[in-house]
Amino acid sequence: MIIRADLHVHSLASADGSSTVAQLAAEAKARGLDAIAVTDHDACTPLPEIPDVLLIPAAELSTDRGHVLGLFLKTPISGAFLRGYPPLDDCVAEIRRCGGVAVLAHPFAPQKLAERQLQSLSLDGIETANARAALRQGANEKAAALANAIGLPTTGGSDAHSASELANAYTEFDAQAATVDALREALLAGRCRAVLQTPCRWRDKGRSRLQKDRRAGGFSNILRARFYQIACVFRDILHI
């Protein structure tokens, strides 16, 4: 059976997130998703059981060489890997120790490493359809070419920071059931396909930036975020 899962979603537990887990789950169901991975920034958010939508334990870790998604976690990530910018290889090892799989997130938005360095990494998959990365020309296409070159499975996720962004990108799994174990097995076997449905709007990026700076506090931070938000709205209007 085909399972549709958005594998990159942020809740209020992320500084720039604006929706609760319950709101995300309700919207996921409304948009025809079978599962979402709650990948909060450097956090393992506790997840309830919700009927009809599988909530996948996950996290997005900030490493010294970019972001990596830890998906299908059986136990929480150690706190030592949830602060600072720990080595990517160590984060991958920690994700696997916790029973998860390590997927390189939006590797070309921005690009932290040269492609030859990216090809040498030990990973379980590469995110090749990220709705926010789609705003950076060629980023998803380069990620897909990288995954093809080194023979890794591809995943898709909206990188949603609010419920309204869900399903902008997602992953189609050929799996026996919508369970954590079944989807994990399908990903590792390569029985998955990244799908970009629609790019994120610039105004959504502006909104999440403002949310983050409001939480951080400080007049100058909020003022800069407001100007950024206005610029994002104009980028949508002018299609640039």
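Is Arg132 buried or exposed?

Reply: In this predicted model, Arg132 counts as buried, because its relative accessibility is 9% and the cut-off for buried is under 20%. Its side chain forms a salt bridge with Glu165, and the closest N and O atoms of the two are 3.1 Å apart. Arg132 sits in the loop between strand S6 (125-130) and helix H4 (139-150), while Glu165 sits in the loop between strand S7 (154-157) and strand S8 (169-174), so the bridge ties together parts that are 33 residues apart in sequence. Glu165 also counts as buried, at 1% relative accessibility.

The structure holds 13 salt bridges, among them one in which the side chains of Asp52 and Lys29 meet at 3.0 Å, N to O. That pair links distant parts of the chain, with Asp52 in the loop between strand S2 (35-38) and S3 and Lys29 in helix H1 (residues 21-30), 23 residues apart. Asp52, at 56% relative accessibility, counts as exposed, whereas Arg132, as said above, is buried.

A further salt bridge is made by the side chains of Asp64 and Arg65, at 3.7 Å from N to O. Here Asp64 counts as partly exposed at 43% relative accessibility, and Arg65 likewise counts as partly exposed, at 24%. Through salt bridges that share partners, Asp64, Arg65 and Asp89 are joined into one network.

Technical notes. Residues numbered from 1 in each chain as written. Predicted model: local features only at pLDDT ≥ 70, side-chain atom pairs only at ≥ 80, totals over all residues. Heavy atoms only, no water. Salt bridge = Lys/Arg side-chain N within 4 Å of Asp/Glu carboxyl O. Helix = DSSP H or I, 4+ residues; strand = E, 2+ residues; numbered from the N terminus. Buried < 20%, exposed > 50% of the residue type's maximum accessible area, 1.4 Å probe, protein only.
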